[in-house]
Amino acid sequence: MLARQLGDPGLARGTRIHYHSCSTMRRGSILLMVGVAVVGVVVAIAASLLHDGLSSRATPSKLEAAIARNAHRLAIRSDARSAQNPVIASEEDLRTARLHFADHCATCHDNDGSGQTLYGKGLYPHPPDLRLPETQNLTDGELFWIIENGVRFTGMPAFANPEEHGGHGGSLESWKLVHFIRHLPHFTAAERVEMERYNPKGLDDRAEEQQENDFLNRATPKPKRESQNQHPR
Ligand code: HEC
């Protein structure tokens, strides 16, 4: 501009080129910096997600744990979140829920909700300890929604549709399970003993149980057999 005022068109053109190349360079270096920052963030996220060769024995990074735990919270509609439990739990309902949990849930969550089972420890993400505030602070509606709909990209199955899931028993059963989850922080040893009888068993466990029963039966022989011994033919 100054050059044009001074009547030197050549200088004016040169100055414009200079200004132009300066601003192009500045834009270029900003783009470069943004590019490096984006690559850095992508590498950090990838390292956070892809660690330990994608093994499900690994412990999730803080970032993954936060994403996984908050994703379903965002996905649950607010009316579902604020839904009230229609079941006023009687002793009988609590027992039903306990045995139901033993049969359908404890394989992953353990009877006491700790998640310390063979399957629980092998899943990625691991089932959370249901006794802790992170779960207990969820609303009844959120717990119910998770039981009915499951959590995508995790081992948590959806239990709605009783026909498809071996008779889970319909939504009232899920509401009873919500009561049981609320009770978990006060879980007792007697409840564990009761539930262990209803946990799904493998062949080894069944064989061991049979041996124990046989042993007990031999230790207390039946009166009929005694009388047979006393009067051999
Ligand atoms: C095959 C394993 C498996 C079974 C069976 C299973 N769960 Fe889960 N559950 C999980 C996993 C894994 C998670 C963690 C999901 C996540 O990271 O958000 C989970 C999460 C949950 C949560 C959410 C806890 C929270 O704080 O976000 C609830 C509630 C729950 N399960 C209840 C149940 C109930 C009730 C049953 C039985 C009817 C059941 N689960 C059966 C694996 C299982």
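This report describes the fold, the ligand shell and the backbone geometry of a predicted model.

## Overall fold

The protein contains 13 helices and 0 strands. Its pattern along the sequence is accordingly written as α-α-α-α-α-α-α-α-α-α-α-α-α.

Of the 233 residues in the protein, 15% are buried. Among contacts between residues at least 6 apart in sequence, 61% link residues at least 24 apart.

## Ligand shell

The ligand has 28 residues around it, of which C105, C108, P127, T135 and M156 come nearest. Two or more residues of this shell are contributed by each of helix 3 (62-75), helix 6 (106-109), helix 8 (133-136), helix 9 (140-149) and helix 10 (171-183).

Sorted by class, the shell comprises 19 nonpolar, 7 polar and 2 charged residues.

## Backbone geometry in the loops

Most residues other than glycine have a negative phi, and most peptide bonds are trans.

The peptide bond from Y124 to P125 is cis, its omega being near 0°. P125 is located in the loop between helix 7 (118-122) and helix 8.

D110, a residue other than glycine, has a positive phi near 70° and belongs to the loop between helix 6 and helix 7. D110 is classed as buried because 24 other C-beta atoms lie within 10 Å, where the cut-off is 20 or more. F153, also not a glycine, has a positive phi of about 65° and sits in the loop between helix 9 and helix 10. F153 has 11 C-beta neighbours inside 10 Å and therefore counts as exposed, the limit for that class being 12 or fewer.

Notes:
Residues numbered from 1 in each chain as written. Predicted model: local features only at pLDDT ≥ 70, side-chain atom pairs only at ≥ 80, totals over all residues. Near = placed C-beta within 6 Å. Helix = DSSP H or I, 4+ residues; strand = E, 2+ residues; numbered from the N terminus. Nonpolar A, V, L, I, M, F, W, Y, C, P; charged D, E, K, R; others polar. Contact = placed C-beta atoms within 7 Å.
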